[in-house]
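Me: Please take a close look at the aromatic rings in this structure. Which rings pair up, and where do they sit?

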Amino acid sequence: MRKRIVIALGGNAILQRGQRGTYEEQMRNVRKTARQIAEIILHNDYEVVITHGNGPQVGALLLHMDAGQQVYGIPAQPMDVAGAMTQGQIGYMIGQALMNELRKKGVEKPVATVVTQTVVERDDPAFQNPSKPVGPFYDEETAKRLAEEKGWTVVEDAGRGWRRVVPSPDPKGHVEAPVIQDLVEKGFIVIASGGGGVPVVEENGQLKGVEAVIDKDLAGEKLAEEVSADIFMILTDVNGAAVNYGKPDERWLGRVTVDELKRYYEEGHFRKGSMGPKVLAAIRFIEWGGERAVIASLDRAVEALEGKTGTQVLPL
């Protein structure tokens, strides 16, 4: 029986550190990523669902809108709309690159991008404690003026200037889950929940977008549950998770049980803004009933899927 895998792509799959973010740069990176995914599909015959980050792209779009508003008076769109726009952008790039890569191998497989809404709860504590920096840097005077005008929360960011911070609520599921499930069952390669999805709340039976950022790995784990995935693989710029990271007794984790990993997580070994959500997503997937979760480097994806490298999280 064919196995089903959800692949969560880190930002380095689309934009490498130090790059400017031109379309050409991003497309070159996406093509390299597509080669890895195509190899997984062809050599292992997996059913594949893909999710991805969108942080740099949303940041750039917010800058574009900020400049457009200041110079030309073009109204800026809210963050949930920016998230939807970049889902479409990145989904188009990944979908096209993957179809082209498969065609080089003589394989025709349908690929579909689903612009996805992610349900969050209005009473999530994150809404009372915005913590995720987004958008451009401002001087203090401008930041505080914008906070007053727009109702933003702004903070000083490590001496680099002032930035807006938004909530990062926990994902509860995807509105489009039945559509995604149906496409996967029909043999489509699906790209969904990009950037964690567009955050929405339900009020009186109606959906409403909210200005927030959902962690894409936690949302990806929900997606893995919804499509009944066997394996959940998080691809990033390091080859796994480590305890005592950056210290003399640093130790990279290979095969690890979910209980052991959970203990390390509760001991605070993984930073909230980087490896922490990835580890939590892996724990949640195994506790849900997943067969295996993997955290590995993008350029070693095939080896990691074969269990030869990366952090391999297992039920027992």
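Reply: A residue counts as buried when its relative accessible area is under 20%. In this predicted model, Y138 has a relative accessible area of 11%, so Y138 is buried.

Rings of Phe, Tyr and Trp count as a pair if their centres lie within 6.5 Å. By this rule there are 4 aromatic pairs. One of them joins Y138 and W152: the ring centres are 6.4 Å apart and the planes meet at 45 degrees, so this pair is tilted. The two residues come from distant parts of the chain, 14 residues apart. Y138 belongs to strand β5 (residues 132-138), while W152 is in the loop between α4 (140-150) and β6 (153-156).

F232 and F285 form another aromatic pair. Their rings are 5.8 Å from centre to centre, with 50 degrees between the planes, and this pair is tilted. F232 is part of strand β12 (residues 231-236) and F285 is part of helix α8 (residues 275-288), so the pair ties together parts that lie 53 residues apart in sequence. Both F232 and F285 are buried. F285 also belongs to a cluster, in which ring pairs link F232, F285 and W288.

The charged end of R122 sits over the ring of F127, at 5.7 Å from the ring centre. For Y264, the charged end over the ring is that of R263, 5.3 Å from the centre.

Note on methods:
Residues numbered from 1 in each chain as written. Predicted model: local features only at pLDDT ≥ 70, side-chain atom pairs only at ≥ 80, totals over all residues. Heavy atoms only, no water. Phe/Tyr/Trp six-rings, centres within 6.5 Å; stacked < 30°, edge-to-face > 60°. Helix = DSSP H or I, 4+ residues; strand = E, 2+ residues; numbered from the N terminus. Buried < 20%, exposed > 50% of the residue type's maximum accessible area, 1.4 Å probe, protein only. Lys NZ or Arg CZ within 6 Å of the ring centre and 35° of its normal.
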